[in-house]
Amino acid sequence: MTRNKVTVIGAGNVGATAAQRIAEAGLADVVLIDIVEGLPQGKGLDLAEAAPVLPHDARVIGTNDYAETAGSDVVVVTSGIARKPGMSRDELMATNAGIVRSVVQAAVRHSPDSILVIVTNPLDAMCHVAMQASGFPRERVIGMAGVLDSARFRAFIAMELGVSVEDTHAFVLGGHGDTMVPLPRYSTVAGIPITELMTPERVQALVERTANGGAEIVALLKTGSAYYAPAAATFEMVESILQDRKRVLPCATYGVDGLFVGVPVVLGARGMERVIEIKLSADERAAFERSAGAVRDLVGKLDELAAAAAS
Ligand SMILES: NC(=O)c1ccc[n+]([C@@H]2O[C@H](COP(=O)([O-])OP(=O)(O)OC[C@H]3O[C@@H](n4cnc5c(N)ncnc54)[C@H](O)[C@@H]3O)[C@@H](O)[C@H]2O)c1
């Protein structure tokens, strides 16, 4: 039996940390690829040299050549640039859309049967670009956001109640960012909804902290953004796919009105195998639709930028 193969595009903080987790778990051989010469080779070699100590037998290499990624089962896309001073959100989106388009085209040429896990921000729009660039069906283009957002919510619930993170479950739907929709009713500690364990004010405080989870870390770090939790969330998705675990995880998936929006899905060997439909209250539905509206605006902006670039 051969080991699975995962390509991680972008050897930056999230990409390299995800590569480390995948290799250390012995889940798959990993190819780390970046546009910067030497960076993926250096990190790949460093990871390979850690293998005897840990130990694991996964092969890790770094490269700038897509030929080395051939035959990957999963391709994780983390390549992109961070917003620079003076750069508008639109400029960032146009730049990252160009990067995601080009890397996805190159990767799928060599791995036509792969499953794409998209991480680059703005997440929901980048999923759109990846689906167009790959020509893959919706089952094989999945965005990482909800697993991270719900991990943050779970961590805050556990801190608040002084209980193990293992016994917390949380549900976060919708787009990635300010409009995400944490669902306290479906968020539980050992099966008990958190609405029965905390005051509405405390629930609301944790919901707001979750929605600002990325910004809270950026403010602390001053340069760069979160990567340990994003890499762990990416690993959980890749593991569920490669081991056909059928985990039910909140992921950005193509569906609602032709948009990528976070919903609970079953992740298995075929990728996004099924969406789990849940009943929403009127308020929750309104929040979900607001969130989908924000994603729609983002994708509309993306189309405008593409049209402007083409004219
Ligand atoms: N979806 C989420 O929840 C989530 C969470 C965290 C980070 N992110 C996003 O993930 C992305 C990566 O974050 P990071 O902290 O690792 O950033 P980073 O700057 O550390 O790494 C990005 C890497 O991409 C590489 N890159 C740029 N253009 C490339 C190209 N054309 N081909 C190959 N590689 C290229 C860069 O050289 C760099 O090494 C960002 O867009 C970030 O916003 C998303």
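This is a predicted model: local features need pLDDT of at least 70, side-chain atom pairs count only at pLDDT 80 or more; totals for chains, interfaces and linings use all residues.
1. Asp-34 puts a polar side-chain atom 2.7 Å from an oxygen atom of the ligand. Val-14 works through its backbone instead: a polar backbone atom there is 2.8 Å from a ligand oxygen. For His-176, a polar side-chain atom is 3.0 Å from an oxygen atom of the ligand. How much of the ligand's accessible area does the protein cover? On its own the ligand has 870 Å² of accessible area, and the protein covers 84% of that.

2. Two cis peptide bonds are worth a look if you plan to check the backbone. One runs from Leu-54 to Pro-55, with omega near -20°. Pro-55 belongs to the loop between α2 (39–50) and β3 (60–63). The other joins Asn-121 and Pro-122, where omega is about -5°. Here the proline, Pro-122, is in the loop between β5 (115–118) and α4 (123–134).

3. Which residues other than glycine have a positive phi? Lys-222 is one of them, with phi near 70°. You'll find Lys-222 in the loop between α7 (213–221) and α8 (228–242). Its relative accessible area is 69%, and since anything over 50% counts as exposed, Lys-222 is exposed. Asp-244 also has a positive phi, near 50°. That residue is in the loop between α8 and β12 (247–254). At a relative accessible area of 33%, Asp-244 is partly exposed.

4. On to the rings. A pair of aromatic rings is described by the distance of the centres and the angle of the planes. The structure holds three aromatic pairs. In one of them, Phe-171 and Tyr-186 have ring centres 5.8 Å apart and planes at 55°, so this pair is tilted. Tyr-186 itself is partly exposed, at 28% relative accessibility.

5. There are also charges over rings. The charged end of Arg-140 sits over the ring of Phe-136, 4.1 Å from the ring's centre. Likewise, Arg-21 has its charged end over the ring of Phe-235, with 5.5 Å to the centre.

6. Thr-168 is part of strand β7. Is Thr-168 buried or exposed? Its relative accessible area is 0%, so Thr-168 is buried. What does its side chain contact? A polar atom of the Thr-168 side chain lies 2.6 Å from the backbone oxygen of Val-165.

7. Finally, two spots where distance along the chain and distance in space can be set side by side. Lys-43, in helix α2, is partly exposed at 28% relative accessibility. Between Lys-43 and Ala-19 there are 9.6 Å in space, C-alpha to C-alpha, for a separation of 24 residues in sequence. Gly-214 is in helix α7 and is partly exposed, with a relative accessibility of 28%. The C-alpha atoms of Gly-214 and Ala-226 are separated by 6.6 Å, and the two residues are 12 apart along the chain.

Key: Residues are numbered from 1 along each chain as its sequence is written. Side-chain values use heavy atoms; hydrogens and water are left out. Helices (H or I, at least four residues) and strands (E, at least two) are DSSP runs, numbered from the N terminus. Buried means under 20% relative accessible area, exposed over 50%, partly exposed in between (1.4 Å probe, protein chains only). A polar contact is a pair of N or O atoms within 3.5 Å; within protein, one must be able to donate a hydrogen and the other to accept it, and residues adjacent in sequence count only if both atoms are side-chain atoms. Accessible areas come from the Shrake-Rupley method with a 1.4 Å probe; for residues, only the protein chains shown count as cover. Rings of Phe, Tyr and Trp (its six-membered ring) pair if their centres lie within 6.5 Å; planes under 30 degrees apart count as stacked, over 60 as edge-to-face and the rest as tilted. A charge sits over a ring if NZ of Lys or CZ of Arg is within 6 Å of the ring centre and within 35 degrees of the ring normal.
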